[in-house]
Structure formats: structure tokens, C-alpha cells
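Biologist: I'd like to learn how to read a few features in a structure. Could you walk me through one?

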Amino acid sequence: MSPHLTYSVWKNDNMPFLANLAGNEIILTYSGGKDSSVALHFMIEAAKDFGFKFETRAGVFPHHVLTQAERLRFDAYWRNRGVSIIWHEVQGSDDRLQQAIDNGVNPCFACNQAKKGALMQYFIQEGYDWKKLVLIMSYSLWDLVSATVEHVLGHVYADPDAKASLRGKTPTERFLETSQRFFPWLKLESGLQIFKPLIRYNDQKILHVIAENAIPVTAIPCQYKRFRPKRLFAQYYGDAKLQFDYDKVFAFAKTNLGLPDISYFESRQPTTYLKEIL
């Protein structure tokens with residue numbers, strides 16, 4: 001196994017999926033974070049090799065993270081590499097995040113709902129052909145590991161009379177949401193396809209790509225990052241210098257946590273998938 005993640009290694013790992021992209025309408029969802037930035041970095045090269053085009057779209061939220069100055073900084077870098085990020089304004093202020101806390105709701109759930117709502121509105125307004133649409137989502141291997149840890153702590157080990165909600169959902173609903181991330185490629189019956197090109201990789205390799213290529217990422221930390229379980233878990237993984245194996249994580253989730261079969265997700269309608277599962 002290569003000690004570092006290079007384009008060549010990534011392309012070889014994702015070859016079957018990259019070969020399917022030509023002829024589709026492809027949207028890469030960008031946040032300015034390390035994962036979506038590395039996905040974009042590799043997709044630029046893959047587009048040349050596999051003959052496809054793609055759009056890069058981002059929801060401007062939270063506003064205190066994706067400031068105008070930050071967006072200008074990202075635009076300057078990516079335009080120099082031939083990419084024009086399409087920024088979608090998300091209505092409402094960041095006050096809704098504090099309001100969520102005041103109402104006993106995880107602010108990360110409120111943030112996700114706001115960005116997801118903007119994405120859904122865009123798809124509906126533009127009238128995309130689901131049969132040709134491919135969404136690129138930048139989940140990493142650490143996201144998958146954190147999904148399993150979150151489920152074990154919040155469901156498997158939990159007192160049945162005192163199970164807390166996770167981001168506004170029951171533990172079972174939350175696991176259905178996170179478990180779709182384990183599959184690198186989903187094709188819904190409607191034709192909508194979802195590609196996750198980074199789920200085999202640990203953060204150490206992703207961060208090496210960022211450093212080696214001087215790729216800009218968000219410099220302003222989210223004021224509410226402590227409410228994201230995966231942030232807390234990732235801090236531990238990093239401090240302990242842990243690295244994981246995708247196949248082992250997948251097998252554990254399938255055997256011990258009831259990871260649904262891929263058919264469960266592929267049978268969903270696109271609006272249901274985008275609203276309730278993505």
C-alpha cells in the first residue's frame with residue numbers, strides 16, 4: 001500500500017466509478033473543508049483523463065465560516081485551476097444555530113437542514129433529469145468510523161429508557177442516514193447516482209494531499225463544531241495516531257450493526273433520499 005495518497009493511487013481505487021461519469025450531469029458539493037477540497041483536486045485531473053465535465057456547488061452556510069473574504073480566497077485559487085465555484089446563498093442568519101440550541105436541537109442538524117433545503121430547492125427549480133445526475137459527496141473513512149462509534153454509544157450500549165436523540169433523530173434513524181456513506185457508489189431506481197470518492201482514506205492521507213499541494217481550506221473554525229460527534233472522535237483518532245481499514249470497518253458494520261443492504265438505499269426515491277438520508 002502506498003504510504004501517501006496520490007492521484008494515481010486514487011484513480012486506480014476509483015477506476016470503475018470514474019469510468020461511469022462521462023455523459024452525466026455531475027455536481028461536486030464543496031464546503032471549503034479538507035475532504036471536499038481533496039475530492040475537487042482529484043476530480044479536476046480525472047475529468048481530463050475520463051472525458052467528463054462537472055460543476056462545483058457550495059451552500060454559503062454558516063456565514064461566519066464562509067465569509068466573503070474566504071470565498072474570494074477560494075475562488076482565486078480554484079479559478080486558477082479552471083474551476084468556478086457556484087455559491088448558493090442560504091437564507092437566514094447564523095442565529096438559527098443558537099436558536100436550535102435554545103430549543104434543545106443540535107445546531108449541526110439545523111445547519112445540515114438549511115444547506116439541504118437550499119440544495120433541494122435548486123434541484124427542483126432547475127428541473128434536473130434524475131437519470132443523468134451524479135452527486136459527488138466527500139465523506140472520508142473517518143466519517144464511517146465515527147458513524148459506527150456514534151451508533152454503538154448512542155444505541156447499542158444505551159439505556160433503552162434514556163436514549164438521546166442524535167442530531168434531531170432517533171439512533172436508528174441517524175444510523176440509516178450515516179450508513180449510506182459506506183457505499184462508494186449508489187444508483188437509485190430513478191437514476192440518481194451518488195459517488196463518494198474518499199471513503200477508503202484516513203485523515204492523515206487526506207491532510208498530506210492538502211499540505212503537499214498547498215490547497216486552501218477554511219481558516220475560520222465553526223463556533224458550533226463541538227456539537228459534531230465526528231469532530232470529537234476525530235480529535236481522538238488524530239491524537240492517538242489511529243488509522244483504519246475500510247474493508248474491516250465495512251465488515252464490522254455489516255455483521256454487528258445491521259448495515260442495510262445497498263438495495264435499501266437504491267430503492268429510495270430521490271427526494272426521499274435527499275431529504276431524509278443524505
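Biologist: Let's start with Trp10: does it count as buried or exposed?

Modeller: Keep in mind that this is a predicted model. Trp10 has 0% relative accessibility, so it counts as buried.

Biologist: How do I describe a ring pair in general, and what kind of pair do the rings of Trp142 and Phe244 make?

Modeller: A pair of aromatic rings is described by the distance of the centres and the angle of the planes. For Trp142 and Phe244 the centres are 6.4 Å apart and the planes stand at 75°, so the pair is edge-to-face. Those two link distant parts of the chain, 102 residues apart: Trp142 is in helix α7 (residues 141-156), while Phe244 is in the loop between α10 (229-239) and α11 (246-256).

Biologist: Is Phe244 buried or partly exposed?

Modeller: Phe244 counts as partly exposed, at 23% relative accessibility, the cut-off for buried being under 20%. Trp142 is buried, with a relative accessible area of 7%.

Biologist: Which rings are linked into a cluster?

Modeller: Phe182, Phe183, Tyr246, Phe250, Tyr264 and Phe265 are linked into one by ring pairs. Check Tyr264 for a charge as well: Arg268 lies over the face of that ring, 4.4 Å from its centre.

Biologist: Now strands. Which way do the side chains of β4 point?

Modeller: The general idea first: in a regular strand the side chains alternate between the two faces of the sheet. In β4 (residues 133-136), Leu133 and Leu135 point one way, Val134 and Ile136 the other way, and all are buried.

Biologist: Which strands does β4 pair with?

Modeller: On the one hand there's β1 (residues 25-29), which runs parallel to β4 and is joined to it by four bridges. Glu25 stands opposite Leu133 there. Then there's β6 (residues 193-195), also parallel to β4, with three bridges between them. In that pairing, Ile136 stands opposite Phe195.

Note on methods. Residues numbered from 1 in each chain as written. Predicted model: local features only at pLDDT ≥ 70, side-chain atom pairs only at ≥ 80, totals over all residues. Heavy atoms only, no water. Buried < 20%, exposed > 50% of the residue type's maximum accessible area, 1.4 Å probe, protein only. Pairing = 2+ DSSP bridges. Phe/Tyr/Trp six-rings, centres within 6.5 Å; stacked < 30°, edge-to-face > 60°. Lys NZ or Arg CZ within 6 Å of the ring centre and 35° of its normal.
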